[in-house]
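Here is a briefing on strand pairing, core packing and ring contacts. Please read it alongside the structure.

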Amino acid sequence: WLYGAGDLRLAAAEAPEAREMLRDAAPLAILSWNRAGATLGIATRRPGAPDASFIRMDHTTPLWQLGEGWFQLEANYRWTRERADARLYRPPGARAFQLTVNVSPDHIRAMKTIGVRLFLNGEPAGARHFSSNGWQTVRWDLAPAADGPVSVRFESDPFHPSGDPRALGVAVVSFGFVD
């Protein structure tokens, strides 16, 4: 292990100091071991670089763009709490916002319909509903707007799976701005 700078800080993802490091603007590298694929995922943040405009939940997710309300990665999705916040960069010409979710059969059995409400910069952008299980992608058409940073919030009704103490929102596979 070699590194050229003497100010290297290390923290486990669940440690309290990790949340502080994610909020800090300093350069950052997140190393994540994918046991199933026996590969190392690396996500890096460079000072001054714009945030991603589209996020996939995998071992290279820019965790510094996820705010409160996200659980640990499970395979290729990440459960939210009833409310989950993130930050994206809206690129010039973005005309829609896309969300892909993984709806479990248990979630449908328990709730019949799962609603997800989207807020961009605190303003409601609309809701989408899922009434069958499986991977599903939905879009919200967007009015023209300036490019730049955008706060994103997802809200959904709580799901209480049997044997799981967590109140879950929705299992997110990916989300972000698209043309």
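Trp33 stands opposite Leu40 in β2. The model is predicted: local features need pLDDT of at least 70, side-chain atom pairs count only at pLDDT 80 or more, and totals for chains, interfaces and linings use all residues. Residues are numbered from 1 along each chain as its sequence is written, and side-chain values use heavy atoms, with hydrogens and water left out.

**Strand pairing**
- Strands are DSSP runs of E, at least two residues long, numbered from the N terminus.
- Strand β1 (residues 28–34) and strand β2 (residues 39–45) pair in the antiparallel sense over 7 bridges; pairing requires at least two DSSP bridges between the strands.
- In the hairpin of β1 and β2, 4 residues lie between the strands, and Ala38 takes a positive phi near 50°.

**Nonpolar cores**
- A nonpolar core is a set of buried Ala, Val, Leu, Ile, Met, Phe, Trp, Tyr and Cys residues joined through side-chain atoms within 4.5 Å.
- Buried means under 20% relative accessible area, exposed over 50%, and partly exposed in between (1.4 Å probe, protein chains only).
- The largest core has 28 residues; Trp70, Phe97, Leu99, Val152, Phe154 and Phe175 touch the most other members.
- Elements giving two or more residues to this core are β6 (83–90), β7 (96–103), β8 (114–120), β10 (134–141), β11 (148–156) and β12 (171–178).
- Apart from this core lies another, of 7 residues, among them Trp79, Leu168, Ala171 and Val173.
- Not counting residues up to four places away in sequence, Trp70 touches residues including Met57, Arg78, Phe154 and Phe175 (contact: heavy atoms within 4.5 Å).

**Aromatic rings**
- The structure holds 8 aromatic pairs. Rings of Phe, Tyr and Trp (its six-membered ring) pair if their centres lie within 6.5 Å; planes under 30 degrees apart count as stacked, over 60 as edge-to-face and the rest as tilted.
- The rings of Phe97 and Phe177 are edge-to-face, because their planes stand at 90°, with centres 5.4 Å apart.
- This pair links strand β7 to strand β12, 80 residues apart. Both Phe97 and Phe177 are buried.
- One aromatic cluster is formed by Trp70, Phe97, Trp140, Phe154, Phe175 and Phe177.

**Charges over rings**
- The charged end of Arg153 sits over the ring of Phe119, 4.1 Å from its centre. The criterion is NZ of Lys or CZ of Arg within 6 Å of the ring centre and within 35 degrees of the ring normal.
- Arg166 lies over the face of Phe71, 4.7 Å from the ring centre.
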